[in-house]
Amino acid sequence: GIAITLDFSSVSDTTDSGKKIVKAGTPIGASGVADNTATVVGILLHDVVEDRPQGTVLKKAYINTAVAEQHAGITYDDAVKTALPMVVFE
């Protein structure tokens, strides 16, 4: 995994306490925003909230696709899977 600081300017999901959140399993681009395209750099390892925007993205991993997509509320684009050849989507 690699460390990354997330950009919350376009995030709309919030926790019960009202803080913005980016959920684990979200594909993240180099600029620190959710990126479900071929320019993705990794998959977010843990939920990250706006008051502590540092996260870890996985570039090499085994991902339970169904669980990750459900938790993140997304469906991985085929371009994401192609852009991350060292990530196994099961």
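As for its setting, Glu69 sits in helix α1 (residues 65-72); helices are DSSP runs of H or I with at least four residues, and strands are E runs of at least two, numbered from the N terminus. Leaving out neighbours within four places in sequence, Glu69 is in contact (heavy atoms within 4.5 Å) with Ile74, Thr75 and Tyr76.

## About the model

This is a predicted model, so local features need pLDDT of at least 70 and side-chain atom pairs count only at pLDDT 80 or more, whereas totals for chains, interfaces and linings use all residues. Residues are numbered from 1 along each chain as its sequence is written, and side-chain values use heavy atoms, with hydrogens and water left out.

## The salt bridge

So which residues do pair up, Lys19 with what? Searching the whole structure turns up 1 salt bridge: Lys19 with Asp51, with 2.8 Å between the closest N and O atoms. Lys19 is in the loop between β1 (2-5) and β2 (21-22), and Asp51 is in the loop between β5 (48-49) and β6 (54-58), so the pair ties together parts 32 residues apart in sequence.

Key
A salt bridge is a side-chain nitrogen of Lys or Arg within 4 Å of a carboxyl oxygen of Asp or Glu.
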